[in-house]
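The model is a predicted one.

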Amino acid sequence: MGSIDHDRFIEEQVQEIVRAVGAGKAINALSGGVDSSVVTVLGHRALKDRLVTYFIDNALMREGEPERVVKDFGKMGIPVERVDARKEFLEALRGLTDPEEKRQAITDTFYAKVFSRLVAESGARFLLHGTILTDIEETVAGIKRQHNILAQVGIDPEKEYGYQVLEPLKTLRKDGVREVARRLGLPPTITERIPFPGPALATRIVGEVTEERLQTVRRATTIVEDALQGTAAFQYFAVLLQDRATGIREGRREFGQIIVIRCIESTDARIAAMTELPWAILHGMTEEILKIPGVNRVLYDLTPKPPATVEYI
Ligand code: XMP
């Protein structure tokens with residue numbers, strides 16, 4: 001997207017939101033990532049208090065995320081309402097192990113349940129969404145069902161859920177969105193934030209998503225993010241596998257859990273190479289992760305994309 005005029009893009013998208021929503025109201029969900037942050041700022045420029053921004057706590061977020069997002073946007077004068085939907089999401093995910101079924105359950109819970117309810121309560125008819133070009137391409141190519149793709153897979157949200165979806169970023173890739181974010185004056189903690197997928201920690205749990213397994217991967221994620229935030233890597237995170245492995249803890253055999261560390265180099269996540277991390281950093285993370293109850297192995301993923309995808313489900 002090197003050749004686009006980002007200031008003009010911002011102006012055009014603001015105008016387009018004004019035109020589409022008219023005198024009506026819209027809502028949007030802010031996760032704190034760069035895509036939804038940009039949509040939030042564009043939407044507020046266009047609609048002011050006719051846009052209601054929600055942070056949906058789906059039980060799948062990282063440590064401290066809900067509080068951080070509400071605080072950061074509050075400082076920018078954008079109020080964010082926290083919606084506690086943890087039970088609904090955990091319920092929808094219970095017993096599911098198939099990756100696409102898990103994604104489907106999250107999509108259904110977001111769109112058919114939570115957004116539909118928020119739209120009805122707020123009187124809005126529009127949902128602003130941070131879909132980007134890569135999400136659309138990979139979904140259309142059948143690689144992965146991104147949770148935020150509807151029209152592209154033949155779903156008419158107005159007919160099915162009672163609201164229209166506006167996607168102001170659908171022509172941009174990640175690098176383009178970051179540039180727009182900088183032009184909008186968002187702080188580096190947002191513009192340079194590593195990508196975090198909509199289905200959140202569920203994409204980093206192979207097998208069933210339970211509160212206990214979320215706790216394990218959430219702790220490991222914090223350890224990995226703290227250790228690697230000083231690197232210029234594109235994305236890094238922890239994954240909890242479904243397999244177990246034999247180990248010894250306090251002199252006893254333990255059939256323990258396995259955490260994978262993934263750290264990649266990329267510009268837009270379409271292709272990725274693994275980062276050559278210093279041994280000392282790998283060691284440090286491993287030591288910390290092994291303190292998590294029940295975890296007795298830590299692996300480093302050396303696989304590029306393709307053939308792997310970035311996430312594990
Ligand atoms: P994959 O795993 O498809 O990831 O190679 C490519 C990039 O997209 C992110 N990702 C998602 N983002 N909704 C999102 O908003 C999703 O369903 C989703 N799945 C993957 C992933 O973190 C990586 O940056």
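**Helix packing and sheet**

Q: At what angle do helix α2 (residues 34-47) and helix α8 (residues 174-183) pack, and how far apart are their axes?
A: The two helices pack against each other in this predicted model. Their axes lie 10 Å apart. The angle is about 45°.

Q: Is the crossing of α2 and α8 left-handed or right-handed, and which residues of α2 make the contact?
A: α2 passes α8 in a left-handed crossing. From α8, Lys-174, Val-177, Arg-178, Val-180 and Ala-181 take part. From α2, the residues are Val-34, Asp-35 and Val-38.

Q: How many residues of the contact of α2 with α8 are nonpolar?
A: Three of the contact residues are charged and none is polar. The nonpolar ones number five.

Q: Which strands stand at the edges of the sheet?
A: Five strands form an open sheet with parallel pairing, in the order β3-β2-β1-β4-β5. An edge strand has a single partner, so one side of it is left without a neighbour in the sheet. The edge strands are β3 (80-84) and β5 (164-166).

Q: In β5, what is the bridge partner of Leu-128?
A: Strand β4 (residues 126-128) runs parallel to β5. Three bridges join the two strands. In β5, the partner of Leu-128 is Leu-166.

Definitions and conventions: Residues numbered from 1 in each chain as written. Predicted model: local features only at pLDDT ≥ 70, side-chain atom pairs only at ≥ 80, totals over all residues. Heavy atoms only, no water. Axes fitted to C-alpha atoms, helices over the stretch in contact; angles between N-to-C directions. Helix = DSSP H or I, 4+ residues; strand = E, 2+ residues; numbered from the N terminus. Left-handed = near helix turned anticlockwise from the far one by under 90°. Contact = heavy atoms within 4.5 Å. Nonpolar A, V, L, I, M, F, W, Y, C, P; charged D, E, K, R; others polar. Pairing = 2+ DSSP bridges.
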